[in-house]
Amino acid sequence: MVASPAQAEVPAPPAAPAVVAPKVLMSQVITMTNQQRAANGCKRLLAVDQELVVASVRQSVYMARTGLFSHVWRDGTTFVRRSHLAGYAQPSGENIAWGYRTATEVMDAWMASPHHRANILNCGAKSIGSGVVYAANGTPYYTQVFGWE
């Protein structure tokens with residue numbers, strides 16, 4: 001017996017990629033950052049600093065809400081100012097990215113970029129904050145802020 005089109009099984013649509021919780025991505029990014037540092041000769045692992053986390057999350061929120069992918073906000077605010085407003089006195093650098101679905105993807109991209117790689121492998125840095133926020137359309141925005149203290 002041949003099934004009529006109405007009786008034929010319709011394949012399920014492909015599953016949407018799983019959305020990873022921002023806190024999980026943030027933790028994975030920090031772990032991978034410290035792994036890269038150790039593999040490249042940095043003797044000190046970065047400590048998570050809550051003030052840098054606040055600065056990082058604020059940057060990711062800004063980018064996700066505005067769609068503006070930039071280290072400098074429209075009002076001129078920089079990562080240094082955002083860090084100071086969060087209570088952190090000596091920020092050393094910031095990495096941003098968007099669109100990567102996994103921590104591995106974003107870390108691979110940052111390590112392939114000389115300026116981002118330099119921030120990650122700056123052995124003088126002591127602290128890190130990480131922020132990941134999804135835009136309304138599901139696009140993830142990533143931020144790392146590094147500090148001297």
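In helix H2, the residues Leu52, Val53, Ala55, Ser56, Gln59, Ser60, Tyr62, Met63 and Ala64 are buried (under 20% relative accessible area with a 1.4 Å probe, protein chains only; exposed is over 50%, partly exposed in between). The model is predicted, so local features need pLDDT of at least 70 and side-chain atom pairs count only at pLDDT 80 or more, while totals for chains, interfaces and linings use all residues. Residues are numbered from 1 along each chain as its sequence is written, and side-chain values use heavy atoms, with hydrogens and water left out.

**Chain overview**
- The chain has five helices and four strands, where helices (H or I, at least four residues) and strands (E, at least two) are DSSP runs numbered from the N terminus.
- From the N terminus on, the order of elements is α-β-α-α-β-α-α-β-β.
- Of the 149 residues in the chain, 40% are buried.
- Contacts (heavy atoms within 4.5 Å) between residues at least 6 apart in sequence join residues at least 24 apart in 70% of cases.

**Helix H2**
- Asp49 caps the N-terminal end of H2, with a side-chain oxygen 2.8 Å from the backbone nitrogen of Glu51.
- Gly67 follows H2 and has a positive phi, near 75°.

**Ser83**
- Ser83 lies in helix H3 (residues 79–85) and counts as buried because its relative accessibility is 0%.
- Apart from neighbours within four places in sequence, Ser83 contacts Leu52, Ala55, Tyr88, Pro91 and Val145.

**Nonpolar cores**
- The largest nonpolar core has 19 residues, and those with the most contacts inside it are Val29, Val106, Met107, Trp110, Ile120, Tyr142 and Phe146; such a core is a set of buried Ala, Val, Leu, Ile, Met, Phe, Trp, Tyr and Cys residues joined through side-chain atoms within 4.5 Å.
- H1, helix H4 (103–112), S3 and S4 each supply at least two residues of this core, and the largest share, five residues, comes from H4.
- Val29 is in contact with Ala103, Val106, Met107, Trp110, Ser130, Tyr142 and Gln144, leaving aside neighbours within four places in sequence.
- A second, separate core of six residues includes Ala64, Ile96, Val133 and Ala135.

How values were computed
Polar contact = N/O pair within 3.5 Å; in protein donor to acceptor, adjacent residues only side chain to side chain.
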